Amino acid sequence: MTIALWRRLLAEFLGTALLVTAVVGSGIMATTLSPNDVGLQLLENSVATAFALGALILIFGPVSGAHFNPVVSAADWFLGRRAGTGLTGRDLGGYVAAQVAGAIAGSVLANLMFDLAAVDFSAKDRAAGHLWLGEVVATTGLILLIFALARSGRAAVAPAAVGAYIGAAYWFTSSTSFANPAVTIGRAFTDTFAGIAPTSVPGFVIAQLVGLAVGIGLLATLYPDAGKAADQVVVPADDRDPALDHRP
């Protein structure tokens, strides 16, 4: 028994949209308030993103698990298959579609809030090997963190832990830690501080998928039973909801 799929997809759409709104909006505000200091702009952007992500996990986690990220959803599906836990194939397709649509909507919303064109594709080129390596590292670490928390029964601290990791990874990775294919696609729709040129998106997404594979491989080695905890990723969904249906 689980929460109705349409409600989980709505939570994933809204959560991903608001996450991208926070990333893009805080980037626009940072460049407005600190126009001559790129380091301060990145600090402002990373702090706002980290806090927003933690808050959004708290809001939407009890409904959908607050994945907001196709690689997290894909890992949840892959690792949970043998144990009969986590997302089904149908769930995974719906989650990814909702996350990508939400990410695009989030960029549009941020653009409109700051009186910019609703859609203005980014001209910021981010195509380089060292940036792709940064995405592999960032995505691998995120997958390891989320499933290690779930497997050890500490999913309740995921809002703080995941927010802190992403905030830190802004600074210790060369790519500023997108670590999320949906967010990467969404950020192509804004020509602002957080933008990424559409031509740079495929390289980032491929690097993130490599990070997913590396993360799953390390989890299989370090935590062979990680799949049993797939229902606890990122935050355990509340199965006491009154509108229940059978998992397909």
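## A walk through the predicted model

Valine 210 is partly exposed, with a relative accessible area of 39%; here buried means under 20% relative accessible area, exposed over 50%, and partly exposed in between, with a 1.4 Å probe and protein chains only. The place of valine 210 is helix H8. Helices (H or I, at least four residues) and strands (E, at least two) are DSSP runs, numbered from the N terminus.

Residues are numbered from 1 along each chain as its sequence is written, and side-chain values use heavy atoms, with hydrogens and water left out.

### Salt bridges

How many salt bridges does the structure hold? There are two, where a salt bridge is a side-chain nitrogen of Lys or Arg within 4 Å of a carboxyl oxygen of Asp or Glu.

| Salt bridge | Closest N and O atoms |
|---|---|
| Arginine 8 and aspartate 91 | 3.6 Å |
| Aspartate 225 and arginine 151 | 3.0 Å |

Arginine 8 lies in helix H1 and aspartate 91 in helix H4 (residues 89–113), so this pair ties together parts that are 83 residues apart in sequence. Both arginine 8 and aspartate 91 are buried.

The salt bridge of aspartate 225 with arginine 151 also links distant parts of the chain, 74 residues apart: aspartate 225 is in the loop between helix H8 (201–222) and strand S2 (244–245), and arginine 151 is in helix H5. Aspartate 225 is partly exposed at 31% relative accessible area, and arginine 151 is partly exposed at 39%.

Leu40, Leu43, Val47, Phe51 and Trp171 make a nonpolar surface patch of about 500 Å². Patches are made of residues with over 30% relative accessible area and no salt bridge; like charges are joined within 9 Å, and nonpolar side chains (Val, Leu, Ile, Met, Phe, Trp, Tyr) within 5 Å. The areas come from the Shrake-Rupley method with a 1.4 Å probe, and for residues only the protein chains shown count as cover.

Which helix gives the most to this patch? Helix H2 (residues 38–64) does, with four residues. Phenylalanine 51 is found in helix H2 and is exposed, with a relative accessible area of 65%.

### Space inside

Two cavities of 30 Å³ or more turn up in a search of the whole structure. On a 1 Å grid over the protein atoms alone, a cavity is a set of points where a 1.4 Å probe fits but cannot get out, and lining residues have an atom within 4 Å of a point. Grid points are joined across faces, edges and corners, and a volume is the space filled by probe spheres set on the points.

The largest cavity holds about 220 Å³ of space. Its lining has 22 residues, and Leu19, Leu53, Asn69, Ile166 and Asn180 lie nearest its centre.

### Two positive phi values

Alanine 66 has a positive phi near 55° in a residue other than glycine. Alanine 66 sits in the loop between H2 and helix H3 (70–80) and is buried, with a relative accessible area of 2%.

Serine 177, also not a glycine, has a positive phi of about 55°. Serine 177 belongs to the loop between H6 and H7 and counts as buried at 3% relative accessibility.

Notes. Predicted model: local features only at pLDDT ≥ 70, side-chain atom pairs only at ≥ 80, totals over all residues. 1 Å grid on protein atoms, 1.4 Å probe; cavity = no way out; pocket = protein on both sides within 12 Å on 5 of 7 lines; lining within 4 Å.
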